[in-house]
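Dear colleague,

I am passing on a structure that may be new to you, and below it I have written out what was found. Please have it open while you read.

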Amino acid sequence: MLSVSSVLFDLDGTLVDPAGAITSGIRHALVSHGLPDPGEARVAALVGPPLQIGLRTLDGVGEHNIDAVIASYRQRYAESGMAESRVYPGIRELLHRLREARIHVAVTTAKPEPIARQLLDVQELSPLLDAVHGNLGEGGNHGSSKAHIVAAALREADLDPAGSVVVGDRYYDLDAARENAVRSIGVRWGFAQGAELEVADHVVESVEQLAALLLPAANGAEPAATADEELEQEGTRP
C-alpha cells in the first residue's frame with residue numbers, strides 16, 4: 001500500500017482498452033495511402049508515444065505523407081474508434097473510490113489533449129477526473145517523452161511529487177515519472193513490450209492489485225510486487 005495524494009493515469013492501455021481501434025486504424029490509414037501493412041504486432045508497439053514519432057519508424061512514411069496518414073487515421077478514429085474503445089473492467093469503480101478518498105485524479109497522455117478529452121467524454125470518464133493533460137498537437141516536439149506532460153500536471157494543480165504516482169502501461173510513463181521525481185506503477189494489461197515495466201517502482205497484474213496499492217482497504221487484495229520482487233520470484237535476479 002502506498003500513501004498517495006494524487007494519481008496520474010495514462011489513457012490508452014491503462015484506463016481505456018482501444019479494442020483494436022488504434023492499431024486497425026493505423027493499418028487502414030497506411031494501406032489507404034498505398035503503404036505496406038506492417039501487421040498488428042508491429043503497430044501495437046507504436047501505442048504510447050505521439051503518432052508523429054511512431055509512424056516515422058515504418059517503411060514508406062516520411063515528411064511527404066505523414067500528415068495525410070495521420071489525418072486519415074484521426075478521421076476513422078473519430079468516426080468509430082472512440083466508440084469502439086472500452087473502459088477496462090474495474091477502472092470506473094477505482095476512479096470513484098479515489099475521488100471519494102479525496103485523491104487528485106488526472107490523466108497524463110501523449111495524445112493531443114483535445115482528442116483525449118473527446119475520448120474521455122465518449123467513454124463517460126470525464127466526471128471522474130480532476131484534470132486532463134496531453135500534448136498540444138500532433139507535432140511530437142518533445143519526442144517520445146511524456147516528462148513535460150507529467151510536469152504540467154504537477155505544476156498546474158500544485159501537486160507534491162512525493163505524494164504523487166504515475167500509472168501507465170509503457171516505459172514512457174515510467175520514465176516521465178522518474179524525470180519528475182514521482183513514483184510509478186506499471187500495469188500489465190496494456191501495450192508493454194518485453195521487459196519494459198521492470199523499471200517501475202511497482203508492477204500490477206490487475207485493477208484489483210492496483211486498488212490495493214492506492215487505497216488502504218481495497219477488497220483485501222494482496223499487495224502488488226515491486227519490480228525487484230518480481231525478478232527475484234522469477235529467478236532472474238543475478
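In this model, which is predicted, the contact of α1 with α4 brings together A21, I22, S24, G25, I26, H28, A29, L30 and S32 in α1 and V69, S72, Y73, R76, Y77, G81 and E84 in α4. Sorted by class, that contact has eight nonpolar, six polar and two charged residues. The two helices, α1 spanning residues 21-32 and α4 spanning residues 66-84, have axes that come within 9 Å and cross at roughly 145°, and their crossing is right-handed.

Helix α4 also meets α6, which covers residues 113-122, and here too the axes come within 9 Å, crossing at roughly 25°. That angle makes α4 roughly parallel to α6, and the crossing of this pair is right-handed. On the α4 side the residues in contact are R74, Y77, M82 and A83, and these meet I115, Q118, L119 and V122 in α6. By class, this contact has six nonpolar, one polar and one charged residues.

The structure also holds one cavity of 30 Å³ or more, and the largest cavity contains about 240 Å³ of space. Its lining is made up of 21 residues, with D12, I22, G48, P49 and K111 lying nearest the centre. While α1, α4 and β4 (104-112) each supply at least two residues of this lining, β4 gives the most, with four residues. Taken by class, the lining of the largest cavity has ten nonpolar, three polar and eight charged residues.

With best wishes

Note on methods: Residues are numbered from 1 along each chain as its sequence is written. This is a predicted model: local features need pLDDT of at least 70, side-chain atom pairs count only at pLDDT 80 or more; totals for chains, interfaces and linings use all residues. Side-chain values use heavy atoms; hydrogens and water are left out. Axes are lines fitted to C-alpha atoms, for helices over the stretch in contact, and angles run from 0 to 180 degrees between N-to-C directions. A crossing is left-handed if the near helix is turned anticlockwise from the far one by less than a right angle, and right-handed if clockwise. Contact means heavy atoms within 4.5 Å. Ala, Val, Leu, Ile, Met, Phe, Trp, Tyr, Cys and Pro count as nonpolar, Asp, Glu, Lys and Arg as charged, and the others, Gly among them, as polar. Angles under 35 degrees count as roughly parallel, over 145 as roughly antiparallel, 65 to 115 as roughly perpendicular and the rest as oblique. On a 1 Å grid over the protein atoms alone, a cavity is a set of points where a 1.4 Å probe fits but cannot get out, and a pocket is an open set with protein on both sides within 12 Å along at least five of seven lines; lining residues have an atom within 4 Å of a point. Grid points are joined across faces, edges and corners, and a volume is the space filled by probe spheres set on the points.
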